[in-house]
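Me: I would like to go through some labels used for this model and ask what each one rests on. Please set each value against its cut-off.

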Amino acid sequence: MKRISEIKEEFKKLLPEELEEHIGFYREDERKGVQSFLKTQEKKLEQYREELARLETISRYEKEYDGYGYVCGIDEVGRGPLAGPVVAGAVILPKDCRILYINDSKKLSAKKREELFDEIQKQAVAIGIGLVPHDRIDEINILQATYEAMRMAIANLKVKPGVLLNDAVTIPGVDIPQVPIIKGDAKSISIGAASIMAKVYRDRMMIEYDKMYPGYGFASNKGYGSKEHMEALQKIGPSPIHRQSFIKGICS
């Protein structure tokens, strides 16, 4: 008879879809420790099934527009910060993609976003990133800069999409059918993937900017107007990556 520690090690190596069979295999083991452990695995299995059901729900737009060919999700990050670029992501996932836990990037931990960033890179048919820097934002305003970043992201895809699923907006100057979806990053797996790619890409940039321009807390606040950031603007003034149109009246 296997020791409980050996059983636990065995379960660590299982894929989620293998859990049910192995739980059944040890169901007749009357040891209290085994039965207690099986309860934790049953909960894990339940969570897995709930996640599969959620993925099915957030894949409905991809299935609805499958006839268009490649379905591409579009999202952006960085409209609100006082510093740094606005970044857009464009992601085409394979049909019937089942990357667990893709969601609106704001609902995920930094660690989970990093994990999903790598997994999306492995599985995606194509990924495009578009970036518009702070000075261009000042020149054309944040809305137009966001559209520009989205057009760049689409242009940087290695294949042309047949339809775009956008988070809430319709992008001007694009000759591809578009479907704006309110809160799309939580309703579409493709838009959710795009939000994760854009968020992680921009966050990594801001961490590097923190090394170049210390004192503002860019690594932690990512350019948003945190208390530390606002105090630094008052004390040392703007950095070279601050959006001048956003900080009018803040700097003394």
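**Labels and their grounds**

Me: Why is K160 called exposed?
Reply: The model is a predicted one. K160 has a relative accessibility of 55%; exposed means over 50%, so K160 counts as exposed.

Me: What makes the pair of D175 and K160 a salt bridge?
Reply: The closest N and O atoms of D175 and K160 are 3.7 Å apart. The cut-off is 4 Å, so the pair qualifies as a salt bridge.

Me: Is D175 buried or exposed, and how do you know?
Reply: D175 has a relative accessible area of 65%. Exposed means over 50%, so D175 is exposed.

Me: Why is D66 called partly exposed?
Reply: The value for D66 is 31% relative accessibility. Buried would need under 20% and exposed over 50%, so D66 counts as partly exposed.

Me: What does D66 form with K95, and how far apart are the closest N and O atoms?
Reply: D66 and K95 form a salt bridge, with those atoms 3.2 Å apart. K95 sits in the loop between β2 and α5 (110-123), while D66 sits in the loop between α4 (60-64) and β1, 29 residues apart. K95 has 62% relative accessibility and therefore counts as exposed.

Me: What makes D203 and R113 a salt bridge?
Reply: Their closest N and O atoms are 3.8 Å apart, and the limit is 4 Å, so the pair qualifies. D203 belongs to helix α9 (residues 189-212) and R113 to helix α5, so parts 90 residues apart in sequence are tied together. Both D203 and R113 are buried.

Me: How many salt bridges does the structure hold?
Reply: The structure holds 21. E56, K63 and R98 are linked in a network of salt bridges.

Me: How many residues does the largest nonpolar core have, and which have the most contacts inside it?
Reply: The largest nonpolar core has 22 residues, and C72, I74, V86 and I171 have the most contacts inside it. Helix α7 gives the most to this core, with seven residues.

Me: Which residues is I171 in contact with, leaving aside neighbours within four places in sequence?
Reply: Among them are I74, Y147, M150 and I154.

Note on methods. Residues are numbered from 1 along each chain as its sequence is written. This is a predicted model: local features need pLDDT of at least 70, side-chain atom pairs count only at pLDDT 80 or more; totals for chains, interfaces and linings use all residues. Side-chain values use heavy atoms; hydrogens and water are left out. A nonpolar core is a set of buried Ala, Val, Leu, Ile, Met, Phe, Trp, Tyr and Cys residues joined through side-chain atoms within 4.5 Å. Buried means under 20% relative accessible area, exposed over 50%, partly exposed in between (1.4 Å probe, protein chains only). Helices (H or I, at least four residues) and strands (E, at least two) are DSSP runs, numbered from the N terminus. Contact means heavy atoms within 4.5 Å. A salt bridge is a side-chain nitrogen of Lys or Arg within 4 Å of a carboxyl oxygen of Asp or Glu.
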